[in-house]
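Hello,

Please find below the structure I said I would pass on.

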Amino acid sequence: RKSPILVSACLAGIFCRYDGKTNANETILEMVRSGTAIPFCPEVHGGLPTPRPPCEIQGASVLDCHGNDCTNAFVRGAEEGLRLAHLVGCTEAILKARSPSCGSGIIYDGTFSGTRISGNGCFADLLMKNGIRVRSEETISSFPENQ
Ligand code: SF4
C-alpha cells in the first residue's frame, strides 16, 4: 500500500487559516477524499487559535504582526506534524505556499509588507530535514499522482 501524502489542512477545505478562512484546492480535496492524502495544520496543532494574528519568520523567531513571539507554538506544531508523518510512513507533503509554517522555497521576509524571500516555513523545513519531500500546491500539476 502506498504511503499517504501529508497536506496542509487549509488546502483540504478546513477553515484553519489565520483569518478563519480556507485555501480549499479541488485537487487536494480529491486526494483526501480518495484516501491518498491526510490533512494537518501545524499552527492549530501547536496550540494557536483560529482566527489568529498573521505571523512571519524573523531570523530564528516567529513573530505575529503585533510583535508577540509565537516561536514555541510553531515549533511544537511542526514536531507534531513530523510525528504524524512518521506514524503513517509519509515520504511526501504538499503544503501551502509562502506560509510561515508550510511555505517551501519562498516565504515572506518578516516585515508584513508582502515582500518575498528565499526560505522555508517551520513545518516544511522540519519535514525536509527529515527526508520528506515537500512541494507547494502551486507545483501540483507536476506532481506524479496528478498527471
Ligand atoms: Fe494552512 Fe499550514 Fe497555515 Fe495551517 S499552518 S492554515 S495548514 S498554511
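I start with the ligand. The residues around the ligand are Ser8, Ala9, Cys10, Cys16, Arg17, Cys41, Pro42, Glu43, Lys96, Ser99, Ser101 and Cys102. Sorted by class, this shell holds six nonpolar, three polar and three charged residues.

Please keep in mind that this is a predicted model. The predictor gives the complex an ipTM of 0.99 and a pTM of 0.95. The average pLDDT of the protein chain is 95, and 95% of the residues score at least 70.

Next, the chain as a whole. The protein chain has four helices and eight strands. Along the sequence they come in the order β-α-β-α-β-β-α-β-β-β-α-β. The radius of gyration of the protein chain is 14 Å, close to the 15 Å that the globule rule gives for 147 residues, so the chain is as compact as a globular protein of that length. Taken along the principal axes, the box filled by its C-alpha atoms is roughly 45 × 25 × 25 Å. Of the 147 residues, 41% count as buried. Among contacts with a separation of 6 or more, 61% are between residues 24 or more positions apart.

Which residues touch the most other members of the largest nonpolar core? They are Ile5, Leu6, Val7, Ala93 and Phe123, in a core of 37 residues. Two or more core residues come from each of these elements: strands S1 (5-8), S2 (37-40), S3 (55-58), S5 (92-95) and S6 (106-108), and helices H1 (26-33), H3 (71-88) and H4 (122-129). H4 supplies the largest share, five residues.

Apart from its neighbours within four places in sequence, Val7 is in contact with Ala12, Ile28, Met31, Val32, Ala37, Ile38, Pro39, Ala93 and Ile94.

Just after H4, Gly131 has a positive phi of about 80°.

Some backbone details come next. Thr50 and Pro51 are joined by a cis peptide bond, with omega about -5°. Pro51 sits in the loop between H2 and S3.

Two residues other than glycine also have a positive phi, as listed here:

- Arg98 is not a glycine, yet its phi is positive, about 70°. Arg98 belongs to the loop between S5 and S6.
- Phe112 is not a glycine either, and its phi is about 55°. Phe112 is in the loop between S6 and strand S7 (116-118). With 15 other C-beta atoms within 10 Å, Phe112 is partly exposed.

Ala24 is another loop residue to look at. Where is Ala24 in the chain? Ala24 is in the loop between S1 and H1. Ala24 has 13 C-beta neighbours inside 10 Å and therefore counts as partly exposed; the cut-off for exposed is 12 or fewer. Ala24 and Gly13 are eleven residues apart in sequence, and their C-alpha atoms are 4.2 Å apart in space. Leaving aside neighbours within four places in sequence, the contacts of Ala24 are Leu11, Gly13 and Leu29.

Is Ser141 buried or exposed? Ser141 is exposed, because 9 other C-beta atoms lie within 10 Å. Ser141 and Cys122 are 19 residues apart along the chain, and 24 Å separates their C-alpha atoms.

Regards

Technical notes. Residues are numbered from 1 along each chain as its sequence is written. This is a predicted model: local features need pLDDT of at least 70, side-chain atom pairs count only at pLDDT 80 or more; totals for chains, interfaces and linings use all residues. A nonpolar core is a set of buried Ala, Val, Leu, Ile, Met, Phe, Trp, Tyr and Cys residues joined through C-beta atoms within 7 Å. A residue is buried if 20 or more other C-beta atoms lie within 10 Å of its own, exposed if 12 or fewer, and partly exposed in between; C-beta atoms are placed from the backbone. Two residues are in contact if their C-beta atoms, placed from the backbone, lie within 7 Å. A residue is near a molecule or strand if its C-beta atom, placed from the backbone, lies within 6 Å of it. Ala, Val, Leu, Ile, Met, Phe, Trp, Tyr, Cys and Pro count as nonpolar, Asp, Glu, Lys and Arg as charged, and the others, Gly among them, as polar. The radius of gyration is taken over C-alpha atoms; the globule rule is 2.2 Å times the number of residues to the power 0.38. pLDDT is the predictor's confidence in each residue, from 0 to 100.
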